[in-house]
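Hi everyone, thanks for coming. Today I'd like to walk you through one structure, piece by piece.

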There are 2 protein chains.
Amino acid sequence: MQATIGTGATGWEADDRNRSIGELAEEFGLTHRTIRHYEDEGLLSPTRDGQTRVYSHRDRARLVLICRGKRLGFSLAEIKEFLNLYDTGDAQIEQMRYAQSLARQRIEALERQLQDVQQTLKELRHFDIQISEHLRRNGTTETQPMEEKLS
Amino acid sequence: MQATIGTGATGWEADDRNRSIGELAEEFGLTHRTIRHYEDEGLLSPTRDGQTRVYSHRDRARLVLICRGKRLGFSLAEIKEFLNLYDTGDAQIEQMRYAQSLARQRIEALERQLQDVQQTLKELRHFDIQISEHLRRNGTTETQPMEEKLS
DNA sequence: CCCTTGGTTGACGTTTACGTAAAGGTAAGG
DNA sequence: CCTTACCTTTACGTAAACGTCAACCAAGGG
């Protein structure tokens with residue numbers, strides 16, 4: 001079966017060549033240290049050219065998921081588990097069942113998170129509008145240098 | 001003006017009484033330590049009865065937002081800034097402008113997060129379906145104790 | 001040959017978000 | 001009076017996720 005992952009339908013996923021740690025760091029706005037840390041934690045496993053790390057397209061795809069996971073507030077351990085879901089590859093039936101159950105747990109967690117985000121967005125937009133209205137009622141449409149207050 | 005916050009339209013926001021730290025901890029599934037920590041960090045400021053903390057309805061509402069912020073992966077510092085948005089109360093025009101700009105930054109961040117969540121959900125659901133189909137093709141609809149494999 | 005650029009491995013430091021004792025105050029109940 | 005339950009402060013401990021040296025190798029340019 002081989003479930004494919006990430007970077008689909010983004011349009012420009014060409015440029016399939018291998019990267020050095022520096023290039024990857026540059027591209028993702030991370031430090032070398034951070035990327036090596038992800039390797040220490042088992043989230044990445046680049047090949048080596050001598051002792052130099054070589055990051056394949058697959059490593060890069062994983063890094064995309066790692067960064068997204070981070071933005072969503074997941075711990076590296078959780079992200080690792082998440083990544084392991086995908087590279088299960090062709091596996092035993094039981095392993096696939098297990099992976100599926102993990103995936104479903106993740107889905108449920110993300111659905112809750114979706115609710116949280118939407119709720120917070122709703123409140124913040126309401127807040128924004130309240131302020132805008134307040135400011136409009138009190139004049140001062142744009143930041144003005146001097147304005148007499150009706151005291 | 002006074003922007004109201006949280007627990008609106010939840011239906012049952014009655015039970016307006018004050019709570020002890022123990023009750024709050026119980027209700028939110030937190031430890032005493034955690035709640036006091038939030039106070040140390042300036043996220044809560046309960047009144048005191050003697051030296052015992054007394055949590056008002058407002059404190060409880062803030063705690064709702066704190067927990068949600070945590071689920072969304074925000075740091076306590078960020079959540080504090082967020083809370084300060086709301087209790088600006090009646091403020092100077094300039095302060096309100098500032099609060100509004102902060103709110104809008106938050107909104108943008110949350111919109112990005114929303115994209116992340118939706119993208120991840122999409123991928124996970126796709127993954128889930130792929131596994132389901134794979135399992136269906138290979139029989140074993142339910143976890144079976146014994147089944148001969150067509151080798 | 002030396003220097004710069006870019007890679008490497010330790011290994012200790014730091015921040016965040018609490019956990020976990022230690023030691024004690026207070027009010028209710030037996 | 002003693003215990004129990006619930007609260008308090010002070011303070012050190014810890015796990016996660018890196019930051020920050022230090023010391024090193026290697027390839028290429030001047």
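Let's begin with DNA strand C, which has 18 residues around it. A residue belongs to that group if one of its heavy atoms lies within 4 Å of the strand. Closest are A:Arg53, B:Thr31, B:Arg33, B:Lys70 and B:Leu76. Of the atoms of DNA strand C that come within 4 Å of the protein, 69% belong to sugar and phosphate.

Before I go on, a word about where this comes from. This is a predicted model, where local features need pLDDT of at least 70 and side-chain atom pairs count only at pLDDT 80 or more, while totals for chains, interfaces and linings use all residues. Residues are numbered from 1 along each chain as its sequence is written, chains are lettered from A and ligands numbered from 1 in the order in which they are written, and side-chain values use heavy atoms, with hydrogens and water left out.

Back to DNA strand C. Which side chains come up to its phosphate oxygens? One is A:Ser20, with a side-chain N or O atom 3.0 Å from a phosphate oxygen. For A:His32 the corresponding distance is 3.1 Å.

Helices (H or I, at least four residues) and strands (E, at least two) are DSSP runs, numbered from the N terminus. Near DNA strand C, at least two residues each come from helix H1 (21–28), helix H2 (32–40) and strand E2 (52–54) of chain A, and from helix H2 (32–40) of chain B. H2(B) gives the most, with four residues. By class, this surface has three nonpolar, nine polar and six charged residues. In this scheme Ala, Val, Leu, Ile, Met, Phe, Trp, Tyr, Cys and Pro are nonpolar, Asp, Glu, Lys and Arg are charged, and the others, Gly among them, are polar.

Let's turn to DNA strand D. It has 18 residues around it, and A:Thr31, A:Leu76, B:Ser20, B:Arg36 and B:Arg53 come nearest. A:Arg33 has a polar side-chain atom 3.0 Å from a base oxygen of DNA strand D. The side chain of A:Lys70 places an N or O atom 3.0 Å from a phosphate oxygen, and for B:Ser20 that distance is 2.9 Å. The largest share of this surface, four residues, comes from H2(A).

Next, the two protein chains. How many residues of chain B are in contact with chain A? There are 48, and they meet 46 residues of chain A, where contact means heavy atoms within 4.5 Å. The area buried between the chains is about 4700 Å², with carbon and sulfur atoms giving 63% of it. Buried area is the accessible area (1.4 Å probe) that two parts lose on being put together, summed over both. Eight salt bridges are found across this interface, each a side-chain nitrogen of Lys or Arg within 4 Å of a carboxyl oxygen of Asp or Glu. A:Arg125 and B:Glu111 form a salt bridge, with their closest N and O atoms 2.6 Å apart. On the side of chain B that touches chain A, H5(B) gives the most, with 30 residues.

Let me zoom in on B:Gln113, which sits in helix H5 (residues 93–137) of chain B. Is B:Gln113 buried or exposed? It is buried, because its relative accessible area is 7%; the limits are under 20% for buried, over 50% for exposed and partly exposed in between (1.4 Å probe, protein chains only). Setting aside residues up to four places away in sequence, B:Gln113 touches A:Arg71, A:Leu72, A:Gln113, A:Val117, B:Leu72 and B:Phe74.

Finally, chain A as a whole. It has five helices and two strands, running α-α-β-β-α-α-α from the N terminus on. Of its 151 residues, 39% count as buried.

How values were computed:
A polar contact is a pair of N or O atoms within 3.5 Å; within protein, one must be able to donate a hydrogen and the other to accept it, and residues adjacent in sequence count only if both atoms are side-chain atoms.
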